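Go through it part by part, in plain paragraphs.

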Amino acid sequence: MGRRRKGKPINGWVILDKPLGRSSTWAVGQVRHITGAAKAGHGGTLDPLATGVLPIALGEATKTVAYIQDGSKIYRFTLRWGQATETDDSEGDVVETSTVRPAQAEIQAALGDFTGEISQAPPAYSAIKVDGKRAYALAREGKAPDMVPRIVRVDRFALLASPTADTAEFEVECGKGTYIRALARDLARSLGTVGHVASMRRLAVGVMTEAQAISLERLGEVVHSAAPDGYLHPVELALADIPALDLTGPQAQRLRAGQMVWVPTADPGAVCAMADGLPIALAHVEDGEVRAVRVFNL
């Protein structure tokens with residue numbers, strides 16, 4: 001018999017406002033400790049030097065993590081001109097400098113080259129595996145990893161302000177796998193200088209936004225005194241872009257049991273099967289046949 005997981009069977013999403021200087025893994029541990037949840041995971045890593053929206057899945061919500069990770073993300077960041085660092089952010093040592101400071105008009109003119117589908121080489125200090133090892137581990141050992149460029153999607157890249165000659169503030173909406181540190185690095189290079197991300201905040205991950213985010217301090221205050229819906233969002237929030245399919249009670253029972261359900265009016269493709277207002281399963285529809293892909297135990 002497998003060992004039972006300690007903790008409470010809490011199911012849903014905590015949209016955390018991750019604090020500065022802490023890893024995403026640390027933040028997950030803190031949320032799990034505060035809530036007492038038996039199971040937890042996060043929907044998209046944030047660097048320690050970034051703050052903002054970190055979706056944390058509890059219980060059955062962990063089955064939907066891939067769907068929120070695939071969603072678009074919005075970041076606001078400050079780019080520091082004239083200094084390249086080994087990590088492409090302010091955590092790393094400066095490895096190159098430049099006296100060139102681009103004008104606002106030059107910056108605006110360059111942004112179009114970094115919008116749409118673009119080729120991007122991830123930062124050397126990233127969690128991507130190279131020859132079976134994490135790139136950041138190789139970089140820390142002094143072994144420059146070969147970071148193969150890949151295609152990523154940038155939907156919006158806007159210059160917000162240039163507070164000083166040395167800094168500029170941007171907002172980016174982008175798809176899965178886009179590195180803001182690499183975007184800043186490459187933009188600076190295209191403008192004849194170097195640069196790094198001085199600060200960064202994530203404003204949204206899919207439908208989960210900064211307005212919904214809660215700090216660890218506030219979570220600790222309300223988790224034992226407020227109704228769960230004051231801090232816990234439903235499992236199906238991550239599936240907002242997937243059509244819902246309402247089932248009857250008997251249909252829901254069959255789907256939970258792994259049996260096919262016949263719904264001739266259902267459109268083909270992925271659906272979130274629902275019954276009595278609760279998600280039953282992630283399912284796939286083909287020719288009216290509904291089959292469960294992941295069943296929720298709610």
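**A walk through the chain**

Helix 5 is followed by G192, whose phi is positive, near 80 degrees. Helices here are DSSP runs of H or I with at least four residues, strands are runs of E with at least two, and both are numbered from the N terminus. This is a predicted model, in which local features need pLDDT of at least 70 and side-chain atom pairs count only at pLDDT 80 or more, while totals for chains, interfaces and linings use all residues. Residues are numbered from 1 along each chain as its sequence is written, and side-chain values use heavy atoms, with hydrogens and water left out.

Helix 5 itself is largely enclosed by the rest of the structure, because 8 of its 11 residues are buried. Buried means under 20% relative accessible area, exposed means over 50%, and partly exposed lies in between, with a 1.4 Å probe and protein chains only. The buried residues of helix 5 are I180, R181, A182, L183, A184, R185, L187 and A188. They pack against strand 4, helix 3 (104-111), strand 7 (116-120), strand 10, strand 11 (167-174) and strand 12. A contact means heavy atoms within 4.5 Å.

The whole structure holds 3 aromatic pairs. Rings of Phe, Tyr and Trp (its six-membered ring) pair if their centres lie within 6.5 Å; planes under 30 degrees apart count as stacked, over 60 as edge-to-face and the rest as tilted. Together with F170 they form one aromatic cluster.

Next comes the largest pocket. It holds about 1,000 Å³ of space. On a 1 Å grid over the protein atoms alone, a cavity is a set of points where a 1.4 Å probe fits but cannot get out, and a pocket is an open set with protein on both sides within 12 Å along at least five of seven lines; lining residues have an atom within 4 Å of a point. Grid points are joined across faces, edges and corners, and a volume is the space filled by probe spheres set on the points. The lining has 32 residues, and T45, D47, A127, Y179 and R181 lie nearest the centre of the pocket. Two or more lining residues come from each of helix 1 (24-35), strand 4 (73-81), helix 4 (135-140), helix 5 (180-190) and strand 12 (195-205). By type, the lining divides into 10 nonpolar, 12 polar and 10 charged residues.

Two loops remain to be visited. D276 sits in the loop between strand 16 (269-275) and strand 17 (278-286). Its phi is positive, about 55 degrees, although D276 is not a glycine. With 80% relative accessibility, D276 counts as exposed. D287 is in the loop between strand 17 and strand 18 (289-295). D287 also is not a glycine, and has a positive phi of about 55 degrees. Its relative accessible area is 67%, and D287 is exposed.

Of its 298 residues, 47% count as buried.

Definitions and conventions. Nonpolar A, V, L, I, M, F, W, Y, C, P; charged D, E, K, R; others polar.
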